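Subject: Structure handover

Hello,

Here is the structure for you to look through. Please open it first, then read the notes below beside it.

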Protein chains: 2
Amino acid sequence: VVDEHAALLQSLLDANEAFYDAFERRDIDAMSDAWRHEDGVVCTHPGWSTLHGWAKVGASWAVLLANQQRLQFILTNPIGRLTGDAGWVTCEENILDGPGGSTVAALNVFERVDGVWKLVAHHGSVVHAFGG
Amino acid sequence: VVDEHAALLQSLLDANEAFYDAFERRDIDAMSDAWRHEDGVVCTHPGWSTLHGWAKVGASWAVLLANQQRLQFILTNPIGRLTGDAGWVTCEENILDGPGGSTVAALNVFERVDGVWKLVAHHGSVVHAFGG
């Protein structure tokens, strides 16, 4: 049971990494594949109000990924938690964006559908202060 | 089954509201009661990096609630989703804080423990733009 939990947790962290790989490569197909396509999915980009439903969430990613500027993510501190067929990961997205950079704290919620983790909620916000 | 789901969803939304009631009343006991007290809980206050574990999360709330200034929340657009014994709510916290105000988008994840929803993840971020 311990091994099973560890393997499931690893698959959750792998799904989280695949999401950021899609973001970094600006791969709209991979980004679409990372998400459930349902009315109930939610996405809060840094500084945005929350988008509800795959139609709006998918459209927002299409716009964000269309930018041609080179983008590099260094993910730090990914920590996952499982509760049945739900799981979530917190991590920091350290983004090298052109000459500058920023750190975004993220909370990503996944559901396991036919054995595959799919994003159903993403919330990112720019870190202005170190909280502890 | 539909009624059971609706009742469970309502209890999730009620737990979310109890969390904000505790915040608004600056009631540290009620705030403590709203959370699971575990190493695996996470909390991202607006602009902060993510705090891990109840020790740090609880301490952050003690500091935030110690402020004596009158605080009023108007919650809008609370939408919940259930997956087994996990559930999450997105909402906007419209905060009247002294003479000013702000809107915070939030994602709150709960686990159902002995029939009671307990917060395990909170992520709030100030809304600067309307995303759609």
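**Notes on the structure**

A:Asp114 lies in the loop between strand 5 and strand 6 of chain A. Helices (H or I, at least four residues) and strands (E, at least two) are DSSP runs, numbered from the N terminus. A:Asp114 has a positive phi of about 50°, although it is not a glycine. At 79% relative accessibility, A:Asp114 counts as exposed; the cut-offs are under 20% relative accessible area for buried, over 50% for exposed, and partly exposed in between (1.4 Å probe, protein chains only).

Some conventions before going on. This is a predicted model, in which local features need pLDDT of at least 70 and side-chain atom pairs count only at pLDDT 80 or more, while totals for chains, interfaces and linings use all residues. Residues are numbered from 1 along each chain as its sequence is written, chains are lettered from A and ligands numbered from 1 in the order in which they are written, and side-chain values use heavy atoms, with hydrogens and water left out.

**The sheet of chain A**

Two strands count as paired if DSSP finds at least two bridges between them. Within this pair, A:Arg112 stands opposite A:Trp117 in strand 6 of chain A. Strands of a sheet pair through backbone hydrogen bonds, either parallel or antiparallel.

Chain A has an open sheet of 6 strands in the order 2-1-6-5-4-3, with mixed pairing. Strand 2 and strand 3 of chain A stand at the edges with a single partner strand each, so one side of each is left without a neighbour in the sheet.

Strand 3 of chain A pairs with strand 4 of chain A in the antiparallel sense over 11 bridges. Here A:Leu75 stands opposite A:Glu93 in strand 4 of chain A. The hairpin of these strands has 2 residues between them, and A:Gly84 takes a positive phi near 60° there.

**Chain B**

In chain B, strand 3 (residues 71–83) and strand 4 (residues 86–97) pair in the antiparallel sense over 11 bridges. B:Thr83 has B:Ala86 in strand 4 of chain B as its bridge partner. In this hairpin, with 2 residues between the strands, B:Gly84 has a positive phi near 60°.

B:Arg26 is found in the loop between helix 1 (2–24) and helix 2 (28–34) of chain B. Its phi is near 55°, a positive value in a residue other than glycine. Is B:Arg26 buried or exposed? At 19% relative accessibility, B:Arg26 counts as buried.

B:Val57 is found in helix 3 (residues 54–66) of chain B and is buried, with a relative accessible area of 0%. Leaving aside neighbours within four places in sequence, B:Val57 is in contact (heavy atoms within 4.5 Å) with B:Trp35, B:Val41, B:Val42, B:Cys43 and B:Leu51. B:Val57 and B:Thr76 are 19 residues apart in sequence and 25 Å apart in space, C-alpha to C-alpha.

**Where the chains meet**

How many residues of chain A are in contact with chain B? There are 38 residues of chain A in contact with 37 residues of chain B. The area buried between the chains is about 3000 Å², of which carbon and sulfur atoms give 58%; buried area is the accessible area (1.4 Å probe) that two parts lose on being put together, summed over both. A:Ser49, A:Arg81 and A:His123 supply 19% of the area that chain A buries against chain B, more than any other three residues.

The interface has 4 salt bridges (a side-chain nitrogen of Lys or Arg within 4 Å of a carboxyl oxygen of Asp or Glu) by the rule used. One salt bridge joins the side chains of B:Glu38 and A:Arg81 (2.8 Å, N to O).

B:His123 is found in strand 6 (residues 116–126) of chain B and is buried, with a relative accessible area of 0%. Leaving aside neighbours within four places in sequence, B:His123 is in contact with residues including A:His123, A:Gly124, A:Ser125 and B:Thr44.

Regards
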